[in-house]
Amino acid sequence: MLRTIEVSGVRFRVADVGTGPAILFVHGFPLDHTMWAAQIDEFSKTHRVIAPDLRGFGGTDGTLYSVSMEQFADDLIGLLEALEVDRPVTFCGLSMGGYIGWQFALRHPEWLGRLILCDTRSAADSAEAAANRLKMADIVTKEGPEPVVWAMMPKLFAPFTAQRQPALTALVRQTVMTTSPTAIAAAHRGMAVRPDVTAMLSGIRVSTLVIVGEYDAISPPAEMKAFSAEIPDSRFVTIPDAGHMAPMENPVAVNAAIAEFLVN
Ligand code: MLT
């Protein structure tokens with residue numbers, strides 16, 4: 001069920017489907033909860049699935065000039081409380097959703113039962129990458145989302161996905177094109193200043209699953225394998241035939257990895 005719920009003055013759109021232990025699915029940038037359609041369908045059979053649009057994205061309002069990963073994580077706690085979700089939850093985030101996942105784990109450990117990180121990074125941006133984000137934030141504010149489409153679309157998918165799954169890439173393109181430019185700019189500014197959490201990974205105490213598409217060009221498998229090894233109770237799974245958007249590109253393999261993790 002798609003709901004709208006107001007939390008601290010922000011109206012969140014959130015899919016809240018199924019009953020059972022809760023899984024929170026947190027989308028990547030600059031997308032919304034619909035990227036998790038295949039996971040919502042599958043896991044709502046056995047779990048309470050919560051998949052929000054983050055502040056400013058999709059059907060949620062409340063964007064700011066800059067939104068930090070810490071702010072996004074704190075928003076999620078407010079949302080879970082407002083939805084009266086039982087804690088702890090399984091947190092599953094993709095890319096920017098993973099950056100938020102680190103802050104969720106560090107700031108709100110009492111809420112975290114298990115952690116799933118898809119196609120994400122523990123490192124901060126290089127100085128050059130951060131500067132590019134700030135430039136892009138200004139460009140998008142003036143020109144709208146199209147420059148982000150041009151910059152990101154070639155990197156989001158495995159080389160063959162556009163040909164094999166044209167409806168999928170069209171859908172993602174459409175989502176980006178209809179995303180609020182202010183929200184895109186705010187998240188870029190927030191990601192540009194996100195901390196490097198690599199040194200803190202040894203302190204993660206919950207079972208963790210790290211998932212990467214074998215062709216991920218944004219958060220490459222070797223880098224993800226290296227940070228996965230820093231987490232004491234972590235398993236690492238490579239998803240075939242997928243790039244950065246593995247949960248959309250190969251949902252069967254991603255769902256199988258998540259399902260196996262949840263029962264062990
Ligand atoms: C994402 O998919 O959320 C983005 O690639 C994150 C980023 O720009 O670092």
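Colleague: Which helix gives the largest share of the lining of the largest cavity?

Modeller: In this predicted model, the lining of the largest cavity includes Tyr 99, Trp 102 and Gln 103. The largest share of that lining amounts to three residues, and the element that supplies them, spanning residues 96–107, is helix α3.

Colleague: What is the volume of the largest cavity?

Modeller: The structure holds three cavities of 30 Å³ or more. For the largest of them, the computed volume is about 40 Å³.

Colleague: How many charged residues are in the lining of the largest cavity?

Modeller: The lining consists of Met 69, Tyr 99, Trp 102, Gln 103, Ser 122, Arg 194, Pro 195 and Val 197. Arginine counts as charged, and Arg 194 is part of this lining. By class, there are five nonpolar residues and two polar ones, and the number of charged residues is one.

Colleague: Where does the ligand sit, and what volume does that space have?

Modeller: The space taken by the ligand is the largest pocket. The volume of the largest pocket is about 540 Å³.

Colleague: Which element gives the largest share of the lining of the largest pocket?

Modeller: The pocket is lined by 25 residues, and those nearest its centre are Arg 133, Met 152, Lys 155, His 188 and Ile 218. Two or more lining residues come from each of α3, α4 (127–143), α5 (146–156) and α8 (181–192). The largest share, five residues, belongs to α5.

Colleague: How many nonpolar residues are in the lining of the largest pocket?

Modeller: The lining of the largest pocket has five polar and five charged residues. The remaining class, nonpolar, numbers 15.

Colleague: Which residue in the shell around the ligand is charged?

Modeller: The shell comprises Gly 28, Phe 29, Ser 95, Met 96, Tyr 99, Arg 133, Met 152, Met 191, Ile 218 and His 244. Six of these residues are nonpolar, three are polar and one is charged.

Colleague: What share of the ligand's exposed area does the protein bury?

Modeller: Oxygen atoms of the ligand lie 3.0 Å from a polar side-chain atom of Ser 95 and 2.6 Å from one of Tyr 99. In the side chain of His 244, an N or O atom is 2.9 Å from an oxygen atom of the ligand. Taken alone, the ligand exposes 270 Å², and the share of this area that the protein buries is 94%.

Notes:
Residues numbered from 1 in each chain as written. Predicted model: local features only at pLDDT ≥ 70, side-chain atom pairs only at ≥ 80, totals over all residues. Heavy atoms only, no water. 1 Å grid on protein atoms, 1.4 Å probe; cavity = no way out; pocket = protein on both sides within 12 Å on 5 of 7 lines; lining within 4 Å. Points joined across faces, edges and corners; volume = space filled by probe spheres on them. Helix = DSSP H or I, 4+ residues; strand = E, 2+ residues; numbered from the N terminus. Near = heavy atom within 4 Å. Polar contact = N/O pair within 3.5 Å; in protein donor to acceptor, adjacent residues only side chain to side chain. Areas by Shrake-Rupley, 256 points an atom, 1.4 Å probe, with all protein chains shown as cover. Sits in = over half its atoms within 2 Å of the grid points.
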